[in-house]
Amino acid sequence: MIKPIVYGPGFSPYVRMVRLALEEKGVPYDHVSLDMSTGEHKASAHLARHPFGRVPALAHDGQIVYETDAIIRYVDEAFPGPKLVPGNLGARTRSHQIALITHNYLSESLLHGILLTYYVADKEKGPDRAKIDAAIPEVEIGFAAIEKLMDNGGPFLMGDAISIADLTLMPLMAYFAQTPESAVLLSKYPRLAAWWQSVAQRKSLANTDPASGAR
Ligand SMILES: N[C@@H](CCC(=O)N[C@@H](CS)C(=O)NCC(=O)O)C(=O)O
């Protein structure tokens, strides 16, 4: 099997989504972390992989793929292992909707509004409280929407099997779980909270945990 290469730093939730897909399928891969603090993601070598200078990008068998959702779908078809895109039309559509809610709405409210606000916070002044408070209603819309779309028949968002929906949401939830907002907010969405409890200990998350030295 030709090993794919994932480009991008391990702290990026998008890079982690792709790595989770590879981990869950049991695909051996190489990981090349880029130093975003020195602009390595905007250098010509990476622009050749991703014209917008973002991460992740995936190289495999002469192909370069960018955009996380497209990469995960490529990985799912190119490699053996458990299917990440459900075969059933209803589940496939709902898992796609959850992935797109995460990319298009939660990336703005949860990632930029809350998580990155904590990340860039001044140590003494603390985070920009107004920015976090303004983001919460939109996060709640996202969480409520995901609860409506998720399946109740198993531990995963689509029921019995892990899917692209779980892999897309897990990296954001892993960061969110470390914030003071998470306990209050997740208590309003008990099914989402139960989902997070059941996936939080997965080996794929441990293997890609940026805090434990996984680059
Ligand atoms: N739509 C892209 C988003 C990827 C993305 O925004 N990645 C961030 C890191 S988490 C990035 O590359 N930021 C660098 C920049 O915006 O210049 C995808 O789904 O792959």
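1. The axes of H1 and H4 come within 13 Å and cross at roughly 130 degrees (axes are lines fitted to C-alpha atoms, over the stretch in contact for helices, with angles from 0 to 180 degrees between N-to-C directions). H1 is therefore oblique to H4; angles under 35 degrees count as roughly parallel, over 145 as roughly antiparallel, 65 to 115 as roughly perpendicular and the rest as oblique. Helices here are DSSP runs (H or I, at least four residues), numbered from the N terminus.

2. The model is predicted: local features need pLDDT of at least 70, side-chain atom pairs count only at pLDDT 80 or more, and totals for chains, interfaces and linings use all residues. Residues are numbered from 1 along each chain as its sequence is written, and side-chain values use heavy atoms, with hydrogens and water left out.

3. H1 gives Pro-13, Tyr-14 and Met-17 to the contact with H4, and H4 gives His-103, Ser-107 and Leu-111 (contact means heavy atoms within 4.5 Å). By class these residues are four nonpolar, two polar and no charged; Ala, Val, Leu, Ile, Met, Phe, Trp, Tyr, Cys and Pro count as nonpolar, Asp, Glu, Lys and Arg as charged, and the others, Gly among them, as polar.

4. With H3 (residues 68-78), the axis of H1 (residues 13-25) comes within 9 Å and crosses at roughly 10 degrees. The two helices are therefore roughly parallel. On the H1 side the contact is made by Tyr-14, Met-17, Val-18, Ala-21, Leu-22 and Lys-25, and on the H3 side by Thr-68, Ile-71, Ile-72, Val-75 and Asp-76. Eight of these are nonpolar, one is polar and two are charged.

5. The largest pocket has a volume of about 1,100 Å³. A pocket is an open set of points on a 1 Å grid over the protein atoms alone, where a 1.4 Å probe fits, with protein on both sides within 12 Å along at least five of seven lines; lining residues have an atom within 4 Å of a point. The volume is the space filled by probe spheres set on the points, which are joined across faces, edges and corners.

6. Of the 39 lining residues, Phe-11, Ser-12, Pro-13, Tyr-14 and Leu-111 are the closest to the pocket centre. H4 (89-119) supplies the largest share of the lining, ten residues, while H1, H3, H6 (164-176) and H9 (203-207) are among the helices that each supply at least two. The lining has 21 nonpolar, eleven polar and seven charged residues.
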